[in-house]
Amino acid sequence: MDTISHEDHVSTYDGLSTKVKLKMLGVPEWAREAVATRKQDHTTRLIARHVRPDARLLGEMAQIGRYLFIGVVSNALLDTCVPVLFRSGLARHVQLLIAGPHAKGKPDPEPYQKAITAAHLDPNECVAVEDNHYGIQSADAAGLSVIEVSGPKDITFDLVMRGFMQASA
């Protein structure tokens, strides 16, 4: 199997579930579960080795959380999301987690629709902060306003509050 270029990863595969990626890459169905399990084991080791609290981001999230309900909507597996949230220190700021596997993951609106329903909110009361084109498509299709960021370093109280105020207007 050929190596995926960074450009192909970002434009085609990033944000999709592992099983969808494996199917797209032509991995035989009988091998997908074993490959997905090895990938999850590798991901777990990477989380333990590299995920650490970011004081700046934690401060921003604490401020945001004083005013807004914070939920996380991810295509990543629950077994990935929970350790990342706890090791990063972000878990204390998150009131809702919608994680994979999903019947239909991003770019389908289903994950965001689940979050909206679970939070007892209307789409016009929500704003999604997304760093991936599939996530942007998903949130948009679910009727949410979207703040596009390149990653956690871009998330600030001012950015989120400004986006929320514009969405609520």
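A residue counts as exposed when its relative accessible area is over 50%, and as buried when that area is under 20%. The model discussed here is predicted.

The overall architecture may be taken up before the individual residues. The protein contains eight helices and four strands. Read from the N terminus, the order of these elements is α-α-α-α-β-α-β-α-β-α-β-α. The C-alpha trace extends over about 50 × 35 × 30 Å along its principal axes. Of the contacts between residues at least 6 apart in sequence, 57% join residues at least 24 apart.

Buried residues account for 37% of the 169 residues. The accessible surface amounts to about 10,300 Å², and carbon and sulfur atoms contribute 55% of this area. As for charge, the protein carries 18 positive and 20 negative side chains, with the centres of the two sets 8 Å apart.

Several features of the backbone deserve attention. The loop between strand 2 (96–100) and helix 6 (110–119) contains Pro101, and the peptide bond that joins Gly100 to Pro101 is cis, with omega about 5 degrees. Pro107 also lies in the loop between strand 2 and helix 6. The bond from Lys106 to Pro107 is likewise cis, its omega being near 20 degrees.

The phi angle of His120 is near 60 degrees, a positive value in a residue other than glycine. Here the opening definition applies: His120 has a relative accessible area of 72%, and so this residue is exposed.

The cysteines remain to be considered. The structure holds zero disulfides. A disulfide requires two cysteine sulfur atoms within 2.5 Å. The cysteine sulfur closest to that of Cys81 belongs to Cys126 and is 18 Å away, so the distance is too far for a bond. Cys126 accordingly takes part in no disulfide, its nearest cysteine sulfur being that of Cys81. Cys81 counts as buried because its relative accessibility is 8%. Cys126 counts as buried because its relative accessibility is 12%.

Technical notes:
Residues are numbered from 1 along each chain as its sequence is written. This is a predicted model: local features need pLDDT of at least 70, side-chain atom pairs count only at pLDDT 80 or more; totals for chains, interfaces and linings use all residues. Side-chain values use heavy atoms; hydrogens and water are left out. Helices (H or I, at least four residues) and strands (E, at least two) are DSSP runs, numbered from the N terminus. Buried means under 20% relative accessible area, exposed over 50%, partly exposed in between (1.4 Å probe, protein chains only). Contact means heavy atoms within 4.5 Å. Accessible areas come from the Shrake-Rupley method with a 1.4 Å probe; for residues, only the protein chains shown count as cover. Lys and Arg count as positive and Asp and Glu as negative; His and the chain ends are not counted. The place of a charge is taken as NZ of Lys, CZ of Arg, CG of Asp or CD of Glu.
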